[in-house]
Amino acid sequence: MAKSRFEYVRDFELPDPLLPSAYIVVRIDGRGFHKFSDTHTFEKPNDVRALNLMDRAAKSVMDEYEDVVLAFGESDEYSFLIRRQSQLYNRRRSKINSSIVSLFTSSYVYHWPTYLPNTPLQYPPSFDSRVILYPSAKEVRDYFSWRQADTHINNLQNTCFWCLVKSGLSTKEANKTLQGTDSKAKNEMLFSRFAINYNHIPPQFRKGSTLVRSPPPDLDENTSDVKPVLVPGDRKGKRRPYEGTTGEVIVVWEDIIGDRFWEDRPWLLPP
Ligand code: DGT
Ligand code: MG
Ligand code: MG
Ligand code: MG
Ligand code: MG
């Protein structure tokens, strides 16, 4: 078929490939969720319904994209780790970025009535999205540590703040009370003034949500302890290392700053 004389404009669509073998992180973040959470009367500081809805939307992304091997969420944001050897959309940046945030957003809206049945959605929420490349496992570990440390710092601060406000202080007074306090002082304030042991607050609020896949059970009992975990390969009897792309997506509220989480799942950070 002959090309139309307009077809040349296609050449303006420039390639935007992501560096081969680099770890890919996509982070989405709710746009204007300060206002959005007020409009929809989210509980302060944490609304478990809204957080569970975020987790559900993230699960949709992992169910659809097997190369997303890990996701971490807190507040109005989620980070997705795409395995380093992924050939998803030939590693085209804007295709990956836009597809993930689009699916996340539609799933968030789709599942809204299930998680907040008595709160009609007042207007369409949106999320921004960015792609970050990391050259090695160290930066990936530090990236997720950064997000989880942020979860902790914000949650401790917000928990104190809303305790003070709910006890009768103005928001201005609460801010002033908290000014310059370190985390030890905040823990003590919660305990002595509000009888709250911070460590007893749900881990979902303190640690954020981590989504991973569970590897299928290792069929060979001789290698059940051997890492990396082997799974059945394409050819009968031939086994290959598990890459984190199959198995059920589960949510955990665990520490991901320490080594344990990653040692248990060596496929997340292949050398
Ligand atoms: P942005 O991201 O620049 O468009 O602006 P925001 O307003 O989304 O700000 P951001 O992302 O820095 O902070 C997230 C906001 O969402 C923050 O104001 C607290 C709110 N938020 C998130 N989760 C909850 C929740 O469970 N309960 C309540 N009350 N607020 C929440
Ligand atoms: Mg933001
Ligand atoms: Mg936001
Ligand atoms: Mg945010
Ligand atoms: Mg099309």
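Leaving aside neighbours within four places in sequence, F104 is in contact with I28, A57, A58, V61, Y78 and F127, where contact requires C-beta atoms, placed from the backbone, within 7 Å. The model is predicted, so local features need pLDDT of at least 70 and side-chain atom pairs count only at pLDDT 80 or more, while totals for chains, interfaces and linings use all residues. Residues are numbered from 1 along each chain as its sequence is written, and chains are lettered from A and ligands numbered from 1 in the order in which they are written.

**Nonpolar core**
- F104 also belongs, with A71, F80 and L81, to the residues that touch the most other members of the largest nonpolar core, which has 36 residues; such a core is a set of buried Ala, Val, Leu, Ile, Met, Phe, Trp, Tyr and Cys residues joined through C-beta atoms within 7 Å.

**Annotated binding site**
- An unreviewed UniProt entry lists D29, G30, R31, G32, F33, H34, S75 and D76 under "binding site", in the numbering used here, with a shortened feature name and an annotation that may be inferred rather than shown by experiment.
- These positions are spread over 48 residues of sequence, yet they cluster in space, with a largest C-alpha distance of 12.2 Å.
- H34 counts as exposed because it has 9 C-beta neighbours inside 10 Å, whereas S75 counts as buried because it has 20; the cut-offs, for C-beta atoms placed from the backbone, are 20 or more others within 10 Å for buried, 12 or fewer for exposed, and in between for partly exposed.

**Ligand 1**
- Ligand 1 is surrounded by 16 residues, of which the closest are F33, H34, S37, F42 and D47; a residue is near the ligand if its C-beta atom, placed from the backbone, lies within 6 Å of it.

Key:
Contact = placed C-beta atoms within 7 Å.
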